[in-house]
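Please look through the sequence and the model shown below before reading on.

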Amino acid sequence: MGIIIWLIVGGVVGWLASLIMRRDAQQGIILNVVVGIVGAMLAGFLFSGGSIGDGITIRSFLLSLLGAVILLAIVNLFTRKKVR
């Protein structure tokens, strides 16, 4: 059941981050899930935030979203040479 929660939350976070960074038209659902999960790990590493294993809280969701946005900004630097 935990992996299903990771996939759903990762998909939502990745989708929201791609909308914020205006990359939604270029990504599919699989990439949204990957960006969301990697963004959550990035935020956990950078900000020592709560993990999904501790339960989904507003703080952990927002930190995951922030991590996913940072990840997409880094990707934008390498693909477009500018951050939107």
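**Helix packing and the nonpolar core**

S18 is located in helix α1, which spans residues 2-20, where helices (H or I, at least four residues) are DSSP runs numbered from the N terminus. The model is a predicted one, in which local features need pLDDT of at least 70 and side-chain atom pairs count only at pLDDT 80 or more, while totals for chains, interfaces and linings use all residues. Residues are numbered from 1 along each chain as its sequence is written, and side-chain values use heavy atoms, with hydrogens and water left out.

Because its relative accessibility is 0%, S18 counts as buried, a term that stands for under 20% relative accessible area with a 1.4 Å probe and protein chains only. The side chain of S18 reaches the backbone oxygen of W15 at 2.7 Å.

The axis of α1 and that of helix α2 (residues 29-47) come within 6 Å and cross at roughly 95 degrees, the axes being lines fitted to C-alpha atoms over the stretch in contact, with angles running from 0 to 180 degrees between N-to-C directions. α1 is therefore roughly perpendicular to α2, the word being used for angles of 65 to 115 degrees. On the α1 side the contact (heavy atoms within 4.5 Å) is made by W6, L7, G10, G11, V13, G14, W15 and S18, and on the α2 side by N32, V33, V35, G36 and I37. By class, this contact of α1 with α2 has seven nonpolar, six polar and no charged residues, with Gly counted among the polar ones.

Helix α3 covers residues 58-79 and includes S60. Leaving aside neighbours within four places in sequence, S64 is in contact with V13, G39, A40 and A43.

The largest nonpolar core has eleven residues in all, namely V9, V13, A17, M21, V35, L65, A68, V69, L71, L72 and A73; such a core is a set of buried Ala, Val, Leu, Ile, Met, Phe, Trp, Tyr and Cys residues joined through side-chain atoms within 4.5 Å. The elements that give two or more residues to this core are α1 and α3, and the largest share, six residues, comes from α3. With neighbours within four places in sequence again left aside, L65 is in contact with V13, L16, A17 and I20.

Technical notes:
Buried means under 20% relative accessible area, exposed over 50%, partly exposed in between (1.4 Å probe, protein chains only). A polar contact is a pair of N or O atoms within 3.5 Å; within protein, one must be able to donate a hydrogen and the other to accept it, and residues adjacent in sequence count only if both atoms are side-chain atoms. Angles under 35 degrees count as roughly parallel, over 145 as roughly antiparallel, 65 to 115 as roughly perpendicular and the rest as oblique.
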